[in-house]
Amino acid sequence: MRLVRAIPVTLILCGPGPLFAQGWVEYASPSDFFSVNLPGEPSVEDIVYTTEYEAELPARVHAWDDGSSRYSVTVVDYTDAERIHTERARNCPPDAHTGCSGALSTGVGSWIVDVRGAMDYATWQLLQRNVRPTFFGWNFVDLVEGRHLQLTNSDDSRTFAAIYMHEDRLYVLEATAPPRKPGPPLFQPSMRFLDADGNPIRYERVYVNGFPPPPRLR
């Protein structure tokens with residue numbers, strides 16, 4: 001399998017009122033540059049994430065699980081992708097396909113297209129599960145573009161997922177609601193990207209990873 005252990009993240013499962021009594025928190029991760037609302041403090045696990053072009057990148061899963069509902073944010077660090085792909089390409093056989101060794105237009109080890117396609121590959125991984133998609137579309141948080149999915153699982157639970165790419169970090173949010181429960185309203189909309197000082201970011205125009213960032217409103 002290419003994806004080692006985790007894909008990640010998006011809305012919260014909840015009914016009205018009672019979840020607030022259980023202690024919703026605004027959780028922030030300065031090291032992964034995001035904040036989000038969760039029904040409790042999550043566990044944090046370091047993992048290895050295998051990309052579409054077989055680079056092994058450091059990643060971290062922030063997850064909360066009460067046995068019936070699960071919320072997670074998986075953050076994959078692509079900031080060092082060029083170096084990691086360059087090292088990987090040294091082991092490509094002489095007759096390797098260009099995806100292994102790369103090319104002038106795709107970068108050594110194809111690192112350029114690996115970064116550019118990160119959101120689509122993460123989306124594809126979600127769709128490979130035993131699920132029935134009920135929605136897929138373009139999305140944004142504070143003008144950072146992304147993808148939004150709703151999936152019905154084989155046990156009739158529903159997964160709400162959102163995927164973003166900001167400053168060469170991939171964010172996969174996922175929340176799973178039990179059968180016949182409403183979708184989680186507090187998780188995905190609360191997602192914020194943070195700067196190096198821990199301040200939330202909002203752009204003036206749509207932010208597309210890999211291009212010069214637009215001016216910030218904050």
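What percentage of the 218 residues of the protein count as buried? In this predicted model, 51% of them do, where buried means under 20% relative accessible area, exposed over 50% and partly exposed in between, with a 1.4 Å probe and protein chains only. Local features need pLDDT of at least 70 and side-chain atom pairs count only at pLDDT 80 or more, while totals for chains, interfaces and linings use all residues. Residues are numbered from 1 along each chain as its sequence is written, and side-chain values use heavy atoms, with hydrogens and water left out.

**Overall make-up**
- The protein has five helices and 12 strands, which are DSSP runs numbered from the N terminus (helices: H or I, at least four residues; strands: E, at least two).
- The accessible surface comes to about 10,800 Å², and 53% of this belongs to carbon and sulfur atoms, as computed by the Shrake-Rupley method with a 1.4 Å probe, where for residues only the protein chains shown count as cover.

**The open sheet**
- Three strands, in the order E1-E2-E12, form an open sheet with antiparallel pairing, and two strands pair if DSSP finds at least two bridges between them.
- Strand E1 (25–29) and strand E12 (192–193) stand at the edges with a single partner strand each, so one side of each is left without a neighbour in the sheet.
- Five bridges join E1 to strand E2 (residues 34–38) in the antiparallel sense, and valine 25 stands opposite leucine 38 in E2.

**Tryptophan 138**
- Tryptophan 138 lies in strand E8 (residues 131–141), and it counts as partly exposed because its relative accessibility is 48%.
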